[in-house]
Amino acid sequence: NPGYGALDNLAIAAAVLVFILLLVKYARGFFANISVLLGIVAGCIVAAFLGKMNFDKVAKAPWLDVVTPFAFGTPTFDAVMILTMVLVMIVVMIESTGMFLALSEITGKPIDRAELSAGLRTDGLGTLIGGIFNTFPYTSFSQNVGLVAVTGVKSRYVCAAGGVIMIGLGLVPK
């Protein structure tokens, strides 16, 4: 991309970062909690005002569409890529183990070895499914552990409902 690292793009990014940091420091309650979202919205407004955003592709996109598996072709197997992915997945599993243990503490539900293994297998399955549907490897996100602690919402049904909503939104390209 010829615009990669352009100073005007970096200035917008810096402005968004400063805006988010100011919101975190000086805003209270709800606005402080959604500071990242507000920063993204503010950055989009600035970028649109400067003519750096357009929505032509969004206008042309269909309202409903299904993701095509292996849209970029069938998988290729290369020893270096496999070893790289193995290292990435080891790091993901270590991170996930820490998050599962933290969630166990936050929710007050002890986790045993079998549940920990099931969680790691689920992370691996998510990565496999992500590869089939043309995405990056999926992993648990530590931010979500923080959300459980901050909101106090500990229900697996809330998590499942969020997943259903995200799948539904994935079918709407616009």
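**Ser35 and features elsewhere in the chain**

Modeller: The side chain of Ser35 reaches the backbone oxygen of Ala32 at 3.2 Å. This is a polar contact, that is, a pair of N or O atoms within 3.5 Å; within protein, one must be able to donate a hydrogen and the other to accept it, and residues adjacent in sequence count only if both atoms are side-chain atoms. The model is a predicted one, in which local features need pLDDT of at least 70 and side-chain atom pairs count only at pLDDT 80 or more, while totals for chains, interfaces and linings use all residues. Residues are numbered from 1 along each chain as its sequence is written, and side-chain values use heavy atoms, with hydrogens and water left out.

Ser35 belongs to helix 3, which covers residues 35-49. Helices (H or I, at least four residues) and strands (E, at least two) are DSSP runs, numbered from the N terminus. With a relative accessible area of 4%, Ser35 is buried; the term means under 20%, whereas exposed means over 50% and partly exposed lies in between (1.4 Å probe, protein chains only). Once neighbours within four places in sequence are set aside, Ser35 is in contact with Ile20, Leu23 and Val24, contact meaning heavy atoms within 4.5 Å.

The aromatic rings may be taken next. A pair of aromatic rings is described by the distance of the centres and the angle of the planes. Rings of Phe, Tyr and Trp (its six-membered ring) pair if their centres lie within 6.5 Å; planes under 30 degrees apart count as stacked, over 60 as edge-to-face and the rest as tilted. By this rule there is 1 aromatic pair. It is formed by Phe30 and Phe31, whose ring centres are 5.8 Å apart and whose planes stand at 70°, so the pair is edge-to-face. Phe30 has a relative accessibility of 57% and counts as exposed, while Phe31, at 49%, counts as partly exposed.

Rings also take part in arrangements with charged side chains. The charged end of Lys25 sits over the ring of Tyr26, 5.7 Å from the ring centre. In the case of Lys174, the charged end sits over the ring of Trp63 at 5.3 Å from the centre. A charge is said to sit over a ring if NZ of Lys or CZ of Arg is within 6 Å of the ring centre and within 35 degrees of the ring normal.

Leu171 lies in the segment after helix 8 (156-170) and is partly exposed, at 37% relative accessibility. Between the C-alpha atoms of Leu171 and Leu7, which are 164 residues apart along the chain, the separation is 36 Å.

Charge pairs come next. Side chains of opposite charge can pair when their charged atoms come close. For a salt bridge, a side-chain nitrogen of Lys or Arg must be within 4 Å of a carboxyl oxygen of Asp or Glu. The whole structure holds 2 salt bridges. Asp8 pairs with Lys52, and the closest N and O atoms are 2.7 Å apart. Asp8 is in helix 1 (residues 7-26) and Lys52 in the loop between helix 3 and helix 4 (56-60), so this pair ties together parts that are 44 residues apart in sequence. Asp8 is partly exposed at 39%, and Lys52 is partly exposed at 37%. Lys109 bridges to Glu115, again with closest N and O atoms 2.7 Å apart; Lys109 is partly exposed at 41%, and Glu115 is partly exposed at 33%.

Backbone angles supply a further detail. Most residues other than glycine have a negative phi, and most peptide bonds are trans. Phe70 has a positive phi, near 55°, and is found in the loop between helix 4 and helix 5. Asn134 has a positive phi as well, near 70°, and sits in the loop between helix 6 (113-132) and helix 7 (142-151).

Phe72 is likewise found in the loop between helix 4 and helix 5 (79-107) and is exposed, at 74%. Its C-alpha atom is separated by 30 Å from that of Cys159, 87 residues away along the chain. Cys159 is itself exposed, at 58%, whereas Cys44 is partly exposed, at 32%. The count of disulfides, pairs of cysteine sulfur atoms within 2.5 Å, is 0.
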